[in-house]
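Please have the sequence and the structure open while reading.

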Amino acid sequence: MTMPIGNDAAHSAFAAAMRSGALHHAWLFAGPEGIGKASFARAAAVRLLAEGAGADLPPGFDVPENDRTRTLIAAGSHPDYRELTRQPKEGDKTGLDLARSIPIAQVRALGPMFATRPSMSDRRVVIIDAVDDLERPGASNALLKNLEEPPQGTIFLLVSHAPGRLLPTIRSRCRTLRFDPLNDDAIATVLREALPKADDAEIAALIRVAQGSPGRAMGFAGLDLAQLDQALTAIAHDGDPSNARRGKLAKALALKAAQSRYEAFLDRAPAFIAAEAPARQGERLRIALESYDAARALSATARALTLDAQATVYEMAGIVARLAA
C-alpha cells in the first residue's frame, strides 16, 4: 500500500509506538482535510494486522501486495478490520450522495466483532473517517463507551479534520498525532502522479488553491483553473472599463455544463484577492481588504440563496476589478 507523501514526523512517531510493544488503544489523527490522514490510517491498519498475523515484513509500513491480510482488507472481508464512514443515502445509485453523518447504528454494528476474540491474530483495527461526522449525541456516546472500556486487542484510528469540535471525553482518551499541511513541492509531487496529463499551468493553479491539501486541489482538477486565474488576473491588473471581460466570464460560467467551474470560481475569486493583498500598501491595501470581505460575503450568499450564476459571476468580477484602481 502506497504511503501518503509528507508528514514524515507523524509517520515516524506512530512507527516508534508500534515498535515499543505498548501501542495505545486509541489514536486521533488530527489535521486539515485532504492531507493524507485517512490514507495513512489505512496503511497503518494493514501493517498492524499483517504483523499481528505473523507476516515476515520489511521495516516501515510496507506490506506485499500478495499478503493475505492486505488482500482480505482490499476485498472488504478481513474479520478483524472495520472502517466507519458516511454511507450513500438510501436509493442513491451513484454512491456519491452521502449521508450527513455516521449514525449510532454503524457504531453499534461493531458489537458482534467486539463480542469475540480477534480471528487472525491478537489485534483488530477500527478506522473512523472522519470521527467529526459521528451523529451526536448518540453515535459519539456509543464510541466513547468503547474507548472507555476498549475491547481486548482493539486499536481505534480516528481521523479528524476539526478535533476541537469533538467531545472532550473522546479527545482525552486518545493519543493525538498531528498532521500538517503539505508544502508546494510535496503537493506538486502528488498532483503530477495523480494527473500525469496536466500541464504546468494547471498544476500551478491547483497548487494555488490547495492551501496545503492535495485532496482539496484534486477537487478542482479538470476544471481549467489556469484559465480562470488568467481571466481574474487580467481583470485585476488591467481593469474592465467596458465590462466586456466580466460579461464574457459571466456568460461562460453560467452554462449548465460549467456548474463545477462556477463553484470553483466562487472559491477561487476571494482567494485570488487575498493573494494580491500582501503586496499592497496604503489605499491599495484598503481596497484589497474591502474587496476580499465583499467577495467572501458574495460567495457565501450565492451558495446559501442559490443566486443566478451569471449575475453572481458578473458581480464578483466587478469586485475583482476594484483591484485595478
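Does T306 count as buried or exposed? The model is predicted, and in it T306 has a relative accessibility of 66%, so this residue counts as exposed, the cut-off being over 50%. T306 sits in the loop that connects α14 (282–305) with α15 (309–321). Its phi is positive, near 50 degrees, although T306 is a residue other than glycine.

N7 is another non-glycine residue with a positive phi, here about 55 degrees. N7 belongs to the segment that precedes α1 (8–20). With a relative accessible area of 14%, N7 is buried, because buried means under 20%.

## Two cis peptide bonds

Most residues other than glycine have a negative phi, and most peptide bonds are trans. The bond between D129 and A130 is cis, with omega about 0 degrees. A130 lies in the loop between β3 (124–129) and α6 (138–148).

R136 and P137 are also joined by a cis peptide bond, and omega there is about 5 degrees. P137 is likewise placed in the loop between β3 and α6.

## The largest pocket

The volume of the largest pocket is about 470 Å³. Its lining consists of 21 residues, and those nearest the centre are P4, I35, G36, S39 and V190. Two or more lining residues come from each of α2 (37–52), α8 (184–194) and α10 (214–218).

By residue type, the lining of this pocket has 11 nonpolar, six polar and four charged members.

Definitions and conventions: Residues are numbered from 1 along each chain as its sequence is written. This is a predicted model: local features need pLDDT of at least 70, side-chain atom pairs count only at pLDDT 80 or more; totals for chains, interfaces and linings use all residues. Side-chain values use heavy atoms; hydrogens and water are left out. On a 1 Å grid over the protein atoms alone, a cavity is a set of points where a 1.4 Å probe fits but cannot get out, and a pocket is an open set with protein on both sides within 12 Å along at least five of seven lines; lining residues have an atom within 4 Å of a point. Grid points are joined across faces, edges and corners, and a volume is the space filled by probe spheres set on the points. Helices (H or I, at least four residues) and strands (E, at least two) are DSSP runs, numbered from the N terminus. Ala, Val, Leu, Ile, Met, Phe, Trp, Tyr, Cys and Pro count as nonpolar, Asp, Glu, Lys and Arg as charged, and the others, Gly among them, as polar. Buried means under 20% relative accessible area, exposed over 50%, partly exposed in between (1.4 Å probe, protein chains only).
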